[in-house]
Amino acid sequence: MYTRAASLAVLLVAVASPVATAAPASTVYVHGADIAAAERAVESAGLQKLTSFRKIGVVAARGDSAQISSARAEAGVTRVEVQKPIRFLGSTSHTATRGLDARNSLGLTGAGVSVAVIDSGVDPTHPSFGGRIVRNLKSLCLDGSTQTNCIVPVPNFLDTDTTSLGGHGTHVTGIAIGGDVQTTGGPVIRGAAPGAKGVVISTGAAILILGADAALNWVLENHRAPCGAGVPASACPPIKVINNSYGPSGGGAFDPGSVTVKLQRQLVAEGVVVVWANGNDGGDGSANLSNPPGVDPTPGVISVASYDDQETGTRDGAVSDFSSRGLAADSATWPDISAPGENIASSCRLHLPICATGLKPQNGPGLLDLGTFNTISGTSMAAPHIAGIVAQLFQAKPSATPADIERALKSTAHKYGSGYQPAGPFTSSFDKGTGLVDVVAAVNAL
């Protein structure tokens, strides 16, 4: 995951490789002209079906090289995408974004919107959330799994953020939707959209990108009524934005035909903004180190660089050294926008490994709330600022499209630092994108 703390933790996402490199017992995505064609191919080739992404006509399956080659030759198959393992390596910010201004002067808290967070999980009992985690889900989409419906609900009191590198998801969710909590002898810690609801899908136990893509697919199939058809939107609003704070180390080529990109483009088509952390690989513009799916040119897919507000709320800070840069000569690889990602205090628990690496543990209001918050850095922290801000913008204008949201954010971003150049209808930069998000200005632009 895209976190930089006392030690760097990165969730590496698989990059598709040619079918010719497939080893025995590989996991693949079979792309069909439609879902029926993909399912027929999997069955005819003798592959083990894992799960289906029906809206984009893809079946995830497992088999040996001969079966994979056979599937590739079946009628109606347009592509077979082989998956590699993913792996782990071991609040003044809302002043800088003017998000607090938008909340105090305009009443924008993200009310009426659910924010989906695909991450390591969440502790729904954390004092930041106050019962606003409306769905707590876990991906069981493991290599070799026989379940076809592998995103499963768990009780809303169950902490799903307890895997070997847990804590990341709780911290990220707190930045997006955490409520105001007064720490003991310290500051009030808050999220960007404290009136929004949270739908969190834990992929912490998954060892393949399949788990994260299955989570995206779950949102695609359930975003209009994430708690089920019988639950009113007043209690469980539609999902309007997804936060993705994970990606491959070192960037990689953008693949418009990948399952991830197909899913996010369909999500945008159905009105859901997709937010990506741009990565923690730094760089100098001589190479493209941006997170591949985040540079999708589709309006409504937004990649986020990390801004350092120097823990003062300044709007004239600097891009973080660790924030991934695009290729200076190719504006298609640049991040879209910046948001605070350096030294961000948010929800944590000291028993969770990522939280234990944080720099400034702080206690919550209860006797047992020791180390309830901690300070961590990374583009993982920048992205959920934008996800929460998107919820604020949808509250301001529920009829807005994802393209409207991206245009409002990018056209009004505050130009900090230098190096901006024309890039389409905006001015942008290889390291900062269009600049620092300005919530009040974006609301006015809508």
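Visitor: Where is Gln310 found?
Guide: Gln310 sits in the loop between S16 and strand S17 (318-319). Keep in mind as we go that this is a predicted model.

Visitor: What's the phi of Gln310 like?
Guide: Phi of Gln310 is positive, near 60°, and this is a residue other than glycine. Most residues other than glycine have a negative phi.

Visitor: Buried or exposed, or in between?
Guide: In between: Gln310 counts as partly exposed, at 46% relative accessibility.

Visitor: What about Asn343, what phi does that have?
Guide: Asn343 has a positive phi too, near 55°, and again the residue is other than glycine. Asn343 belongs to the loop between strand S18 (337-340) and strand S19 (344-347). With a relative accessible area of 25%, Asn343 is partly exposed.

Visitor: Let's switch to confidence. What does the pLDDT of the chain average?
Guide: The average for the protein chain is 87, and 87% of the residues score at least 70.

Visitor: Which elements have the lowest and the highest mean pLDDT?
Guide: Among the elements of the chain, strand S7 (residues 87-89) has the lowest mean, 30, while helix H10 (residues 402-411) has the highest, 98. Over residues 86-90 the pLDDT is below 50, and that stretch has 24 contacts in the model beyond near neighbours in sequence.

Visitor: And over which residues does pLDDT stay under 50, with 68 contacts beyond four places in sequence?
Guide: That is residues 4-23. Where pLDDT is low, the predicted coordinates should not be read in detail.

Visitor: OK, H10 then. Which of its residues are buried?
Guide: The buried residues of H10 are Pro402, Asp404, Ile405, Glu406, Ala408, Leu409 and Lys410. That makes seven of its ten residues, so H10 is largely enclosed by the rest of the structure.

Visitor: Glu406 and Lys410 are both on that list. What do they form?
Guide: Glu406 and Lys410 form a salt bridge, with the closest N and O atoms 3.0 Å apart. They are four residues apart in H10, so about one helical turn separates them. Relative accessibility is 8% for Glu406 and 13% for Lys410.

Visitor: How many salt bridges does the count come to?
Guide: The count comes to 16. Among them, the side chains of Asp255 and Arg79 meet at 2.6 Å, N to O. Asp255 is partly exposed, at 24% relative accessibility, and Arg79 is partly exposed as well, at 25%. The side chains of Lys432 and Asp431 also meet in a salt bridge, at 3.1 Å, and both of those residues are buried.

Visitor: Which residues are linked in a network of salt bridges?
Guide: Arg98, Asp101, Arg315 and Asp438 are linked that way.

Visitor: Now pockets. How much space lies in the largest pocket?
Guide: The largest pocket holds about 410 Å³ of space. Its lining is made of 23 residues, and those nearest its centre are Pro297, Asp336, Glu406, Lys410 and Phe426.

Visitor: Which element gives the most to the lining?
Guide: H10 does, with four residues. The elements that give two or more are strand S16 (301-308), H10 and strand S22 (426-428).

Visitor: Another helix: which residues of H4 are buried?
Guide: In H4 (residues 99-106), they are Gly99, Leu100, Ala102 and Arg103. Seen down the helix axis, the buried residues fall within an arc of 160°, so they line one face of H4. On the other side, Asn104 and Ser105 are exposed.

Visitor: What covers the buried residues of H4?
Guide: The cover includes helix H3 (93-96), helix H9 (379-396) and helix H11 (439-445).

Visitor: Last one: where is Asp123, and what does Asp123 touch?
Guide: Asp123 is in the loop between strand S8 (114-119) and strand S9 (133-139). Asp123 is buried, at 4% relative accessibility. Leaving aside residues up to four places away in sequence, Asp123 touches Phe129, Asp159, Asp161, Thr170 and Arg349. Asp123 and Thr173 are 50 residues apart in sequence, with their C-alpha atoms 9.5 Å apart in space.

Key:
Residues numbered from 1 in each chain as written. Predicted model: local features only at pLDDT ≥ 70, side-chain atom pairs only at ≥ 80, totals over all residues. Heavy atoms only, no water. Buried < 20%, exposed > 50% of the residue type's maximum accessible area, 1.4 Å probe, protein only. Arc of directions from axis to C-beta. Contact = heavy atoms within 4.5 Å. pLDDT = per-residue confidence, 0-100. Salt bridge = Lys/Arg side-chain N within 4 Å of Asp/Glu carboxyl O. 1 Å grid on protein atoms, 1.4 Å probe; cavity = no way out; pocket = protein on both sides within 12 Å on 5 of 7 lines; lining within 4 Å. Points joined across faces, edges and corners; volume = space filled by probe spheres on them.
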